[in-house]
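Here is a short briefing on how this chain is put together. Keep the structure open beside the text.

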Amino acid sequence: MQKLIEVRNLNIAYGGAAGWTNVVQGVSFEIARGEAFGLVGESGCGKSTVAYRLLGYGTINSLVQTGEIIFDGTDLLKLGATALTRLRGDRIALVPQNPTTSLSPGMRVGTQVREMIATHRALPQGMTMEARIVELFALVGLPDVGHCYPHELSGGQQQRVTIAMAVACNPDLLVLDEPTTGLDVTTQRQIIQLLADLRARIGMAMLYVTHDLALLAQIADRVGVMYAGQLVEVAPCEELLSAPAHPYSRGLIASIPTTDGAERQGRGLRGVLRRDQMSTGCKFEPRCDFATTACRTMPQVLEPVTDARSVACMRWRDVVAPQAPVLVKRENKKIIGEPARLLSVADLNLSYGRPGLFDRLLGRTSPSVVRDIDLELYAGEVVALVGESGSGKSTIARAISGRLPPRTGIIRLDGAALAPALKDRSVEELRQIQYIFQNPDASLNPRRRIRSILERPIDHFGIKVDEKALESVLENVGLHAGYLDRFPEQLSGGERQRIAIARALLVNPKLLICDEILSALDVSVQARIVELLRSLKEKHAVAMLFISHDLAVVQEFADRVAVLYRGELMQLADIATLLDAPLHPYTEMLLEAAPGLRRDHYVSRPPAFPVSKAIPGVGCPLAGRCPRQVGSLCAETRPPVQVSDNGFIRCHLAADELATHASPADHSDFAGQVRSIS
């Protein structure tokens, strides 16, 4: 295939008054026309630094020491600002990680797309600007949303708008920086299918930067694995995932959680990347299960081992040799003895905003976004709250934490009713419930050092903590004492999230509300954080409301799972029952959308269902989208709750009838236990 872009011996350093530190060393790869190349690795490995250099972007404190980036015969590193401006968006385009910050909040999205087309004079001959904008929105699966502001669109819709802008000029190369991080699994699936379709129709090449190998398996032709600024393996995607040749690649793949309880080859990564402890030889040696004395002193460089694969490891043959698989057995988690009820939520109804004067005179109220929620949480128990974006997960969490007073309902902690509003709760109640937010960029003060960020809640609650305790909590989340004197901007996204988790743990809470805290973390850090949370649960009886869209992560340590859709609980069950016998159509849809490590995992499934048009509060919220809808009954009548010993299902179809149409698993135990109530 014809080569489109080639990176040759790229070396990049970050620095300042204290000197320069190499963060990218000797990186070389190429991308052919029409090829999708994935770049993976843990947070801080340098993959985004490399990707942004393909567009000529670099921070003020970064320096390209050596290297070339040859794009269609031109070295991009030698182009001036004017030439790069002409190139960006026209021939090389970017889809950023966070569409919320990349779209201008004060401009309608149609105007932003118009600006891209006008800047590069890329309007097709004979077509009006308005028609082209509508065509681009249709290309990414959107209606004409040009009149909308970004805040009026969901996260998935915003990301589709950024993709529409990126492909507006039919670029030769599309650089995607974690484009699906934070999106729910069904939206992720739609975005991946969209990108695959665009690639086939437009013929553009892609550089896809991610930490999610399961998603990458659905779209990439080849993958480059980075560790500590170096490429350690480059291989065809299927070969890499089925038989990784580098110990680091092997550990990454073994760290990926799945919902099928399948056997894993090898074990996940141990330890964390510590640049201050790397040896003079192989950088991965301190964490490698295959390391020898020679690895500590002999640098490893990328060398071809087959026609299509290159590996930077002298022991790669030992890595690919057959290993004894590790059986991941799914079990119901049993709580010993009679647990104490820590949190109870009864008849919770939530809405945003207040009705206007005219509405109040007519007796109208703001529509509920969350309806009739009943939930209990015991000491030492983890209840996962799962569902797509916009289902109401974070809204419920805000109500429990006091940030959104309920319209109706009572929230109790240790049997005592909590004041609806945060300002009316006692200092002790505030300490006992700690909230860890999804976005650490917004929850960490950018003007304070990490030490000050950690000390503030300690001072607020009057807790005495010494320097050793600060270092210990950082170690627990995979960081070290050197981070205490840094600012948040000096940390990667995953590192900032670990600081947010450490801050919540310092005050010894009874209940942790974890709001999508793992969505921005790579799989190895996810595994470490899950192990930390599991330890808190087992040793200190810390209860958790774990909000997520990733059932594969949830199954790692949750006891029960509550499935939420459009503000209503669809199903509640223990984790083993839910994964082995999901029963409810919506739960099955979530499981079906979860990516796997084989490309046919997506291809073999039917396309995503259309958006539901059901009226909130009338009938089943899944009506119009459900593959098992019963005529007009589902749309016009609210479904009954069918209760069992380990949870409930909200559906018009009886559990035994759901079981006969569900995935091939044994549903008989649940179906025989249910009884229907109004």
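**Overall picture**

The chain has 27 helices and 27 strands. The model is predicted. Of the 678 residues in the chain, 53% are buried. Among contacts with a separation of 6 or more, 68% join residues 24 or more positions apart. The accessible surface comes to about 29700 Å². Carbon and sulfur atoms hold 51% of that surface.

**The eight-stranded sheet**

- Eight strands form an open sheet with mixed pairing, in the order E6-E7-E8-E3-E9-E10-E13-E12.
- Strand E6 (92–95) and strand E12 (303–304) are the edges; each has a single partner strand, so one side of each has no neighbour in the sheet.
- Strand E7 (residues 173–177) runs parallel to strand E8 (residues 205–210), and five bridges pair them.
- Within this pair, Leu-174 sits opposite Met-206 of E8.
- Helix H7 (residues 185–202) packs on the sheet and touches strand E3 (36–40), E7 and E8. The direction of H7 makes about 160° with that of E8.
- Helix H10 (residues 247–254) lies across strand E9 (222–227) and strand E10 (230–236). H10 runs at about 100° to E9.

**Helix H6 and its cover**

- Helix H6 (residues 155–166) has twelve residues, which should span 16 Å at 1.5 Å a residue. The end C-alpha atoms of H6 are 17 Å apart, which agrees.
- H6 is mostly covered, with ten of its twelve residues buried.
- The buried residues of H6 include Arg-160, Gln-158 and Gln-159, as well as Val-161, Ile-163 and Met-165.
- The cover over these buried residues includes strands E6 and E7. Helices also contribute, among them H3 (99–102), H4 (109–119), H5 (129–139) and H7.

**Nonpolar cores**

- The largest nonpolar core holds 64 residues.
- Phe-137, Val-161, Ile-163, Leu-174, Leu-195 and Leu-213 touch the most other members of that core.
- Another core, of 60 residues, lies apart from the largest one. Phe-546, Phe-557, Val-561 and Leu-590 are among its members.

**The four-stranded sheet**

- Four strands form an open antiparallel sheet in the order E2-E1-E4-E5.
- Strand E2 (19–32) and strand E5 (74–75) stand at the edges; each has a single partner strand, so one side of each is left without a neighbour in the sheet.
- Strand E1 (residues 3–16) and strand E4 (residues 62–71) run antiparallel, joined by eight bridges.
- Asn-11 stands opposite Thr-66 in E4.

**Strand E17**

- All five of the five residues of strand E17 (residues 382–386) are buried, so this strand is largely enclosed by the rest of the structure.
- In a regular strand, side chains alternate between the two faces of the sheet.
- Both faces of E17 are covered. Val-382, Ala-384 and Val-386 are buried on one side, and Val-383 and Leu-385 are buried on the other.
- E17 runs parallel to strand E22 (residues 543–548), with five bridges between them. Leu-385 has Ile-547 as its bridge partner in E22.
- E17 also runs parallel to strand E23 (residues 560–565), joined by four bridges. Val-383 has Arg-560 as its bridge partner in E23.

Notes:
Residues are numbered from 1 along each chain as its sequence is written. This is a predicted model: local features need pLDDT of at least 70, side-chain atom pairs count only at pLDDT 80 or more; totals for chains, interfaces and linings use all residues. Side-chain values use heavy atoms; hydrogens and water are left out. Two strands pair if DSSP finds at least two bridges between them. Helices (H or I, at least four residues) and strands (E, at least two) are DSSP runs, numbered from the N terminus. Contact means heavy atoms within 4.5 Å. Axes are lines fitted to C-alpha atoms, for helices over the stretch in contact, and angles run from 0 to 180 degrees between N-to-C directions. The expected span of a helix is 1.5 Å times one less than its number of residues. Buried means under 20% relative accessible area, exposed over 50%, partly exposed in between (1.4 Å probe, protein chains only). A nonpolar core is a set of buried Ala, Val, Leu, Ile, Met, Phe, Trp, Tyr and Cys residues joined through side-chain atoms within 4.5 Å. Accessible areas come from the Shrake-Rupley method with a 1.4 Å probe; for residues, only the protein chains shown count as cover.
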